[in-house]
Amino acid sequence: MNGIYVVMLETSGNQSYIFSTNKMRDVVGASELIYRVGTTYVERAVWEIFGRQFSAKAILDEPKIEENESCLVEVVVSTSGKALLLIRDDANCNKIKSFIRTWSRLVVTEAPGVDALGVYSEVPVDLSKPLDRDEKGSLLCALKEGNKNLRIQKIRRSSPLERFQRIPVVSPCVYSGLPAEDIGYEGETRQVPLSKVSRAKIEAGTSDEFKKRMKSLYPENKQGIVAKGLKSDALEDSSWLGVVHADGNGLGQLFTNFHEYVQGAVKESGKAFATGRDYVDFYRAFSRNLDDICAASFWETVDAVFPDSNGKGREIPVVPIVVGGDDLTLVLDGRYAIEFTKKFLELFSKKTEEKELSQVIPIICKVAGMSRLGICGGITVAKGHFPFSESYRLAEELLNSAKKVKNAVGSEGVAMDFHILYDSVVTSLKDIRGGLVRDRKEGDSGSLRELTGKPYAIFSGSEKFNKKYEHWSEIHNFKIFKFALKALQDRDDKGRLQLPSSQSHAIREALFSERRETQEQEWRVLCHTYDSFRKSWIKANPEGKLYSSYKRENEKLVDTYETCYVTPFLDALEATEFYSDMLEKEEDQA
């Protein structure tokens, strides 16, 4: 007797696969291959085994498998590196096994090195069963079984690296270090040994299919992919390059409890209970709408940050690596990195509470007790010759730092953190920030000083906050950074900086060498001398001081609070060359 089974396909180790080299060409090619694993290869396997045309772009039009006995497959999710399907089969699951084998063959032969697994539920599901019944035959039970099998198989299976043995001894690939299988060209004449993995990445990153997909992410009058400073596949030009990594807040936990939110949403609509079919419909729409929102946010950000002033179109210095779901990873001209990231985060979060692109996401957010989905971003800006993989690693650390906003205001907060690598000797965020925290000293009121206001909250959801972090988002507010930066950038009628560069650097030195009280005294004298600067700085600090203070929980003494002093001066000074355009586009009023 035929039944309906849950089939899960998933990749792992994506970041290490994508960022294993410093070649931009290999990075974008690797990202394209992971995208194909969850989309193109699924489409081809569905056609080969079931003889049915399926398109990931038309996934919302998938037929309901339980309504027609002749319907053998329904795709629930088909996105970058992940797919979820419902397949009708007999008790031996021969078609399912053939489908997974076909899909696996495509992955191994066309995307070598990608770590991908396929599993299926051993018991058929009844989509009409109530969703809250965790029993055999329910969709919830099948999903838990599938996730458990994925975890087990990830432990049991061999690493993809074991596919590339070095016996007999062979030359190493110049890009990946894996055993070479062929000779390729670097530039027009130089021959170099290439591994199968590098060859696949190169072909994927230069394919017409990839270029067409990337072009669809940009406004019609703007061209990306090959951009200023990035026409060469190596990251070795002299310009500043920014690496941006953004990720949604708490999406993993939201999907873990997704069945509970579906039940709440269905009951609000008047139904007595939610079924497996309700879960499938909500899950499919939520995943697809999340992709649409991410792509639309990227599209609109490009259009806003890089306006076409002459109407003839322009080349955009942005190379998207991952754009989908709640993830964004890209490389761009470092001068636009902060502005671009802030705009994207704002658009993404805002769109998740609107019903223009999704009816489902606002409903699920409401049931989950949120007004919108939150998202955070980390930005590294470094010279073009700096190793790309190291820039990405630091961007990941900065992303995790930005996610502190969740402690203060919950998962719907939006924040960003950035660092500009003027000195590439120290690249650990812990070491970088450790030097900006000044210990309590005698005569310094015994208070803690932080010489950075990072991370900065763009949206704090001030109606909801943790009492322990009551004033966190007030101090770590992006507007404070913006006004501090404007004060340092503004010029007088003669085109001179309101605060001369010599004075800015003198303040910087004093921040590290003098007590806070001494700094504040010198600051008052400076503001009296440069009155126009003082008037601008007041927007960043209403009291006109160098530092702002707030109470925070003492890390050493439980249930006690200490005064912490924070200044955005260094952050603003660091970003003066990288954040000027945006100030002309936004209102300067708080």
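The model is predicted: local features need pLDDT of at least 70 and side-chain atom pairs count only at pLDDT 80 or more, while totals for chains, interfaces and linings use all residues. Residues are numbered from 1 along each chain as its sequence is written, and side-chain values use heavy atoms, leaving out hydrogens and water.

The protein chain has 22 helices and 18 strands. These are DSSP runs numbered from the N terminus, helices being H or I with at least four residues and strands E with at least two. Of the 590 residues in the protein chain, 53% are buried, where buried means under 20% relative accessible area, exposed over 50%, and partly exposed in between (1.4 Å probe, protein chains only).

Helix α5 covers residues 139-156. Its 18 residues should span 26 Å at 1.5 Å a residue, and the end C-alpha atoms are 25 Å apart, which agrees; the expected span is 1.5 Å times one less than the number of residues. Among the buried residues of α5 are L139, L143, G146 and L150. The buried residues of α5 pack against β1, β3, β4, α9 and α10.

A nonpolar core is a set of buried Ala, Val, Leu, Ile, Met, Phe, Trp, Tyr and Cys residues joined through side-chain atoms within 4.5 Å. Of the 150 residues in this core, L85, F99, F286, F298 and F569 touch the most other members. A second, separate core of 14 residues includes L399, A415, W472 and I475.

Rings of Phe, Tyr and Trp (its six-membered ring) pair if their centres lie within 6.5 Å; planes under 30 degrees apart count as stacked, over 60 as edge-to-face and the rest as tilted. By this rule there are 29 aromatic pairs. One of them, Y422 with F578, is edge-to-face, at 6.4 Å centre to centre and 70° between the planes. Y422 lies in the loop between β13 and α15 and F578 in the loop between α21 and α22, so the pair ties together parts that are 156 residues apart in sequence. Y422 is partly exposed at 47% relative accessibility, whereas F578 is buried at 2%. Elsewhere, ring pairs link Y218, F298, F306, Y336 and F340 into a cluster.

How values were computed: Contact = heavy atoms within 4.5 Å.
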